[in-house]
Amino acid sequence: MTPNAASASSGTTRRSFLASTAVATAAVAGGMPLLAACGGSEGGSREGTTSGKNAKKILPAYVASNVVQPDIPSKNGSAMGFTSKLDVAGLKTSVPKKLGKGGKVTIMSPFWGSPPKQGCAYYTAMNDLIGVDVEWRNQDGNTYDQKLGAVLASSDVPDMVVVPSWNMMGKIPNAIISKFADLGPYLSGDKIKEYPNLAAIPSDAWQRSIFGGKLMGLPMPAGYVGNIVPIYRQDIFEKEGYEVPRSSDEFMAWCKDATNARAKRWACGDMKWTAFANFGVLGGGEKPLWWNLVDGKLINRIETPQYLEAIEWTRKLFAAKVVHPNFYLGKGQIGDTAPMFAAGEFLVYPDDISNWYGRQASYSTQNPDVKIWGMDIWGHDGGHPTLYATNPANIFAFINKKASESVIRDALAVANVTAAPYGTKEWMMTQYGVEGTHYTIKDGVPVKNDKGNNEVINAYVMVASPAATIAHPDLPDYTRAMVEWQQRMGAFTKKSSFWGLQITEPSRYTNLATNFEQLEDDIIRGHKKISDMQQAIADWKSKGGDKLRDWYKKLLDENGSAAG
Amino acid sequence: MSHSTVPRSSAEAGTPVKTAAASGDAARPREKRVTRKLSLRHRFRRDRVLILMTLPAVVLLLIFNYLPILGNVVAFQDYDPYISDNGIVSILHSPFVGLENFQRMFDDPDFWNAVENTLVLFFVQLLLFFPIPVLLALLINSVVRPRVRAVAQAVLYLPHFFSWVLVIAVFQQMFGGAGMLSQLLRENGHDGLNIMTNPDTFPFLLTAQSVWKDAGWGIIVFLAALASVSPDLYEAAAMDGAGRWRRMWHITLPALRPVIALLLVLRVGDALTVGFEQILLQRDGVGPGAGEVLDTFVWWNGVRNQDFGYAAAAGLVKGVVSIGLVLAANKVAHLMGEQGVYQK
């Protein structure tokens, strides 16, 4: 992953966790009147999932790409790592002939930051390379869920729409199934070989792209190791002689030692996500991952003692006043924590792994003394942690159902370029822009200039990507550390029962667990009590949780799990 | 241009008025029913220019204000906007669920929590916010030097033009957990304050922010009312030996009374609207237990959870209750001898 990819997914993957409870993976009008009303011609089940034999029929063939051998191959669900210098002269061409037919394709996508103008050098160069006139309709990534619902309900749906899975709440999955095209006729089986870079996308990412029984999404593949790393200020740890804590008790003790409010220093941010990992709470972004089969019975994470223990531990952390006061605020109110972290106002916080590199890279220019690093996730009792896998793809690009075949072909041509692997000219252009205009190369290390930083962010990287890759030639130590962290944590990572499946819950249950994330935060901040959570869990069971359990059990019995 | 044409055309329209009225008068002795009919047609003819002029506004009002009211029908549906590309078609094809949404709402403790918070906030704002612009207006009115007065007014108006995001950020910087005040206290050996994230004092925080932002803006109407009081009255009262307080009690306040009554009626009618953006921005900091009001409840369920039918039901109930409140407050104003918002 490169700086720009990192900036795209730093917002995204982190938010996927943020939105964890709010994400209703599901919601489809299972109601028959609805289907009947719109003709019911769409066939196929809208709720449920597609796996096994049924999935095999529509999944694309996998043709590995061997453009460049990674320095660190993927292991235990990690990304593959590239640490060596970039051989610019040796960049390969993965798309020898432009596949685009010169048509126009409009794409709506979430964007974190301020988008450049349509005719900017980066967009023009990419469009020339693809042979398609892509017109971007970038929308603010932080409020994308609010825009998405309205756009999909309108008659003016763009040719392509990028939808992250954490925005698939409420009735959005329903909208996806009814508004977007079945790509099976273009990509299933050997048909995908027309698009070699798409054919090199791992099958588990395609498996996640099946919506309502059809292959609909163009995925952004991801490793399955949890993406949340406790990031800490290594320079201050060294200066103060702190040891990295190895158990939850040690962490708590260290926090009390390190906090000095009078000097405007607190030990940490909101450690809830890390606590969930420490205590072995089920999860990983989406609601289906909250379920797991234990002794023949499906249990939801909110029913497990680990869940309450993790919340209680985090509550104690807040009560001990070792958390920076700004983290008592709501998510939208905290604002950018990067300057506070750089100023040493707090020393540890959980963040997406891409920010391990991303923040270091931006601090390197602005605050050269700051050195950050990631902590291994500790088991709460000091032993090995029990971690649960995240899904192998969480962002998808869809094509409008009304698009003509030529527009669909052009859209796939876009995806075939953006999915080019590391070491190709297409990858370089997608991630860095045009040499001389957007970046310069010094000693085999590409460095973006201001124009590059302004124009080459988000956009094209959001449409389909190659297999999960971490490649930062400018900070090779960080690249290595990130991949190795994933591999170490991957060794403790288990796949829960519904890992890897794209599941659409029945619409009547989609909002059943929506309020849990808020309740967790309320308890942690002392506004509510653990007993309120126990009440909420009892309500959840009686209001449909138990029925939802039966629904999932049936799904599991019929489909089996993808994790195998 | 239009300024000069408008009066002229109404003046032109004025000519037939008289003839119409005259002919109506002439017809009356003979046949009463016919007269009425004629008079209606004539009245229409007489006012046709005025009617024509109001027509565009009426059409806009119909299209953008009244037509969308029909959309409230989704409150009785399990509305799914994604069935078709057209909102109206989607409404036609969404299944009707009768009063299910309302039933669910009345059983929903979160809804009642939002109602309670809304009412608490309304009363706190009424008590602590409403009097302040009146006092400020009296204060400003007593400033004699025009330049000082202009500067004071400008300073008071200005915060109104700041966005809520900005106002809340300023409050956060000053009073937040790691803000100036708390840090100053800590440096002097005290504990920091928990002002921004304390659910118990949240209504007061919101009111303080509103006062800071909008109290200055609120004085405009009162100042206008004060400006219409004849100085002769004050002079005469002063001649009769009335002191500053007596003049305030017997002249200034009675002059303000109709305006105060009018604004109170409007405020009560708006009781269930206590500020959306300001609260939404700070809702998560105190949790929905204290930070959820009706408007954020509707937003949360409609936009966030896409439970459109349910959100529409909550919005509809809010609208109906608000109409009732306006009517009631207006009635009270009439009983008190004030004009209120409208008269029959």
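A:Ala397 touches A:Met160, A:Val162, A:Gly217, A:Leu218, A:Ala415, A:Met462, A:Val463 and A:Ala464, leaving aside residues up to four places away in sequence; contact here means C-beta atoms, placed from the backbone, within 7 Å. The model is predicted, so to speak of local features pLDDT of at least 70 is needed, side-chain atom pairs count only at pLDDT 80 or more, and totals for chains, interfaces and linings use all residues. Residues are numbered from 1 along each chain as its sequence is written, with chains lettered from A and ligands numbered from 1 in the order in which they are written.

Strand E15 (residues 393–399) of chain A has seven of its seven residues buried, so it is largely enclosed by the rest of the structure. Buried residues have 20 or more other C-beta atoms within 10 Å of their own, and strands are DSSP runs of at least two residues, helices (H or I) of at least four, numbered from the N terminus. Pairing requires at least two DSSP bridges. E15(A) runs antiparallel to strand E4 (residues 160–164) of chain A, joined by five bridges, and pairs with strand E7 (residues 218–221) of chain A, also antiparallel, over four bridges. A:Ala397 is the bridge partner of A:Val162 and of A:Leu218.

A:Ala397 is also among the residues that touch the most other members of the largest nonpolar core, which has 192 residues; such a core joins buried Ala, Val, Leu, Ile, Met, Phe, Trp, Tyr and Cys residues through C-beta atoms within 7 Å.

Between the chains, 35 residues of chain B are in contact with 41 residues of chain A. On the chain B side, H14(B) gives the largest share, six residues.

Notes:
Contact = placed C-beta atoms within 7 Å. Buried ≥ 20, exposed ≤ 12 C-beta atoms within 10 Å, placed from the backbone.
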